[in-house]
Amino acid sequence: MKGTPARVLVVEDEQIVAMDLEQCCHDLGHTVVGSASTADEALVFVKEHDPELVLMDINLRGTISGIDAAATIRERFHKPVIFITAYDDETTI
């Protein structure tokens with residue numbers, strides 16, 4: 001049984017990974033409302049497009065980390081954020 005489809009924003013700076021995540025979301029019945037490659041882009045996108053869920057890479061290009069962007073998204077927009085990362089070192093975890 002599938003749950004209710006969500007409107008998802010993918011925040012990932014590696015294009016091939018972002019495309020894979022988008023496809024996985026579509027395959028699960030969700031709608032990807034957009035993709036951002038930096039934290040700044042993600043913050044603007046959330047404000048303008050109101051996704052229901054954000055998939056957030058932890059290590060992004062630019063001056064703002066995914067962790068900081070997620071905190072801002074939760075505080076300002078009250079949106080749930082799921083962290084994604086390829087890193088499994090103790091500091092990142």
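Reply: Start with the rule: a disulfide is a pair of cysteine sulfur atoms within 2.5 Å. By this rule the count is zero disulfides.

Me: What is the nearest cysteine sulfur to cysteine 24?
Reply: That of cysteine 25, 7.0 Å away. Cysteine 24 is in no disulfide, and neither is cysteine 25.

Me: Before we go on, what kind of model is this, and which atoms do side-chain values use?
Reply: It is a predicted model, where local features need pLDDT of at least 70, side-chain atom pairs count only at pLDDT 80 or more, and totals for chains, interfaces and linings use all residues. Residues are numbered from 1 along each chain as its sequence is written, and side-chain values use heavy atoms, with hydrogens and water left out.

Me: Back to the cysteines. Is cysteine 25 buried or exposed?
Reply: Buried, at 8% relative accessibility. Buried means under 20% relative accessible area, exposed means over 50%, and partly exposed is in between (1.4 Å probe, protein chains only). Cysteine 24 is partly exposed at 36%.

Me: Now the strands. Which strand does E1 pair with over five bridges?
Reply: E2, residues 31-36, in the parallel sense. Two strands pair if DSSP finds at least two bridges between them. Helices (H or I, at least four residues) and strands (E, at least two) are DSSP runs, numbered from the N terminus.

Me: What is the bridge partner of valine 8 in E2?
Reply: Valine 32. Valine 8 also stands opposite leucine 53 in E3. E1 and E3 run parallel, joined by four bridges.

Me: And what does E3 pair with over four bridges in the parallel sense?
Reply: E4. Leucine 55 stands opposite isoleucine 82 there. The chain goes from E3 through H3 to E4, and that β-α-β crossover is right-handed.

Me: What does right-handed mean for a crossover?
Reply: Point the strands away from the viewer; the path from the first strand over the helix to the second then runs clockwise. E1, helix H1 (residues 15-27) and E2 also make a right-handed β-α-β unit.

Me: How many residues of E3 are buried?
Reply: Five of the five, so E3 is largely enclosed by the rest of the structure. Leu53, Leu55 and Asp57 point one way, while Val54 and Met56 point the other way. In a regular strand the side chains alternate between the two faces of the sheet.

Me: Next, the packing. How many residues are in the largest nonpolar core?
Reply: It has 15 residues. A nonpolar core is a set of buried Ala, Val, Leu, Ile, Met, Phe, Trp, Tyr and Cys residues joined through side-chain atoms within 4.5 Å. Leu9, Val11, Ala42, Val54, Met56, Ile73 and Val81 touch the most other members.

Me: Which elements give two or more residues to this core?
Reply: Strand E1 (7-11), helix H2 (39-49), strand E3 (53-57) and helix H3 (66-77). H2 gives the largest share, five residues. There is also a second, separate core of 10 residues, including Val10, Leu21, Cys25 and Leu53.

Me: What is valine 11 in contact with?
Reply: Leaving aside neighbours within four places in sequence, its contacts (heavy atoms within 4.5 Å) include Ala36, Ala42, Val54, Met56 and Ile84.

Me: Changing topic. How many salt bridges does the structure hold?
Reply: Two. A salt bridge is a side-chain nitrogen of Lys or Arg within 4 Å of a carboxyl oxygen of Asp or Glu. In one of them, glutamate 14 meets arginine 61 at 3.4 Å, N to O. Glutamate 14 lies in the loop between E1 and H1 and arginine 61 in the loop between E3 and H3, so the pair ties together parts 47 residues apart in sequence.

Me: What does aspartate 50 form a salt bridge with?
Reply: Lysine 79, with the closest N and O atoms 2.5 Å apart. Aspartate 50 is in the loop between H2 and E3 and lysine 79 in the loop between H3 and strand E4 (81-84), so this pair ties together parts 29 residues apart in sequence. Aspartate 50 is partly exposed at 44%, whereas lysine 79 is buried at 15%.
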